[in-house]
Amino acid sequence: MSADLAKLEQHLATRSYIEGYTPSQADVHVFNLVASAPDAKEYPHVTRWFTHIKSYAAEHASLSGSSTAGEAFAAGRAAPAPAADDEDIDLFGSDEEEDAEAERIKAERVAEYNAKKAGKTKPAAKSVVTLDVKPWDDETDMKALEEAVRSIQQDGLLWGASKLVPIGFGIKKLQMTLVIEDEKVSLDELQEKIAEFEDYVQSSDVAAMQKL
């Protein structure tokens with residue numbers, strides 16, 4: 001006699017055991033009917049259950065419960081109809097038990113999803129900044145000024161293109177584009193470092209800033 005795997009697969013889709021919440025003689029009975037591990041692709045729930053019950057092999061004889069409930073999954077046999085006044089555990093569990101088991105499985109899947117989500121590294125928040133650096137006068141060496149500014153290197157800072165923009169009286173400001181990682185680079189601290197090149201720099205301003 002063998003087990004009705006299709007019926008068993010449907011039953012185990014929302015349950016961990018044949019009946020109740022712990023291994024019992026019902027599981028042992030059906031386990032013996034299955035005999036060997038089924039096709040995992042066709043019967044994934046039966047395979048999961050079979051492997052689990054197999055791990056209790058040394059304890060099969062000592063498990064509690066009756067094998068009667070397990071007989072419902074014998075191929076070609078129907079489950080005996082329970083008497084109207086039978087107060088024993090229902091073969092398929094009460095609605096309350098089904099709901100509790102379904103909620104448990106749902107909670108497990110949500111926990112697994114959250115764990116996977118937490119394990120994923122979020123991309124660093126970045127910003128594109130346009131920075132204006134103003135010299136003291138029209139005699140300031142703007143090439144040396146730019147080289148001094150670009151000499152500032154740190155993790156999360158990437159210097160981009162630059163150009164000279166006239167601001168009047170023959171004076172030109174240096175306008176630079178840079179990309180920063182928001183958590184690693186403080187613009188206030190960066191401007192303080194630029195101000196340290198006091199031979200060239202009068203001041204600096206953030207002309208524009210946009211999140212990537």
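## Q175 and its surroundings

The side chain of Q175 makes a polar contact with the side chain of D132, at 2.9 Å. This pair belongs to a predicted model. Q175 is part of strand β3. Its relative accessible area is 19%, and because buried means under 20%, Q175 counts as buried.

Leaving aside residues up to four places away in sequence, Q175 touches T130, L131, D132, A161, S162, K163 and V165.

## The chain as a whole

The protein chain has 212 residues, and buried residues make up 33% of them. The chain holds 6 helices and 4 strands. Read from the N terminus, the order of these elements is α-α-α-α-β-α-β-β-α-β.

Of the contacts in the protein chain with a separation of 6 or more, 71% are between residues 24 or more positions apart. The accessible surface of the chain comes to about 13,500 Å². Carbon and sulfur atoms account for 51% of that surface.

Strand β3 covers residues 171-181. Besides Q175, this strand includes E181. E181 has a relative accessible area of 18%, which is under 20%, so E181 is buried. Not counting residues up to four places away in sequence, E181 touches A124, A125, K126 and G156.

F169 is located in the loop between β2, residues 157-168, and β3. F169 has a relative accessibility of 84%, so it counts as exposed, the cut-off being over 50%. The phi of F169 is near 55°, a positive value in a residue other than glycine.

How many of the 10 residues of α2 are buried? The number is 8, so α2 is largely enclosed by the rest of the structure. The buried residues of α2 are Q25, A26, D27, V28, V30, F31, L33 and V34. Their cover includes α1 and α3.

A35 follows α2 and is found in the loop between α2 and α3. Its phi is positive, at about 75°, although A35 is not a glycine. Is A35 buried or exposed? A35 has a relative accessibility of 59%, and because exposed means over 50%, A35 counts as exposed. The buried residues of α2, including V34, are therefore followed in the chain by an exposed residue, A35.

T14 is placed in the loop between α1, residues 5-12, and α2, residues 25-34. At 35% relative accessibility, T14 lies between the cut-offs of 20% and 50%, so it counts as partly exposed. The side chain of T14 makes a polar contact with the side chain of R15, at 3.3 Å.

Which residues does T14 touch, not counting those up to four places away in sequence? They are E101, A102 and I105. The C-alpha atoms of T14 and D99 are separated by 9.1 Å, while the two residues are 85 residues apart along the chain.

## The second largest pocket

The second largest pocket holds about 190 Å³ of space. Its lining consists of A13, R15, S16, P44, H45, R48, R104, I105, E108, R109 and E112.

Helices α3, residues 44-54, and α4, residues 95-119, each supply at least two residues of the lining. Which helix gives the most to the lining? It is α4, with 5 residues. By type, the lining residues divide into 3 nonpolar, 2 polar and 6 charged.

How values were computed
Residues are numbered from 1 along each chain as its sequence is written. This is a predicted model: local features need pLDDT of at least 70, side-chain atom pairs count only at pLDDT 80 or more; totals for chains, interfaces and linings use all residues. Side-chain values use heavy atoms; hydrogens and water are left out. On a 1 Å grid over the protein atoms alone, a cavity is a set of points where a 1.4 Å probe fits but cannot get out, and a pocket is an open set with protein on both sides within 12 Å along at least five of seven lines; lining residues have an atom within 4 Å of a point. Grid points are joined across faces, edges and corners, and a volume is the space filled by probe spheres set on the points. Ala, Val, Leu, Ile, Met, Phe, Trp, Tyr, Cys and Pro count as nonpolar, Asp, Glu, Lys and Arg as charged, and the others, Gly among them, as polar. Buried means under 20% relative accessible area, exposed over 50%, partly exposed in between (1.4 Å probe, protein chains only). Contact means heavy atoms within 4.5 Å. A polar contact is a pair of N or O atoms within 3.5 Å; within protein, one must be able to donate a hydrogen and the other to accept it, and residues adjacent in sequence count only if both atoms are side-chain atoms. Accessible areas come from the Shrake-Rupley method with a 1.4 Å probe; for residues, only the protein chains shown count as cover.
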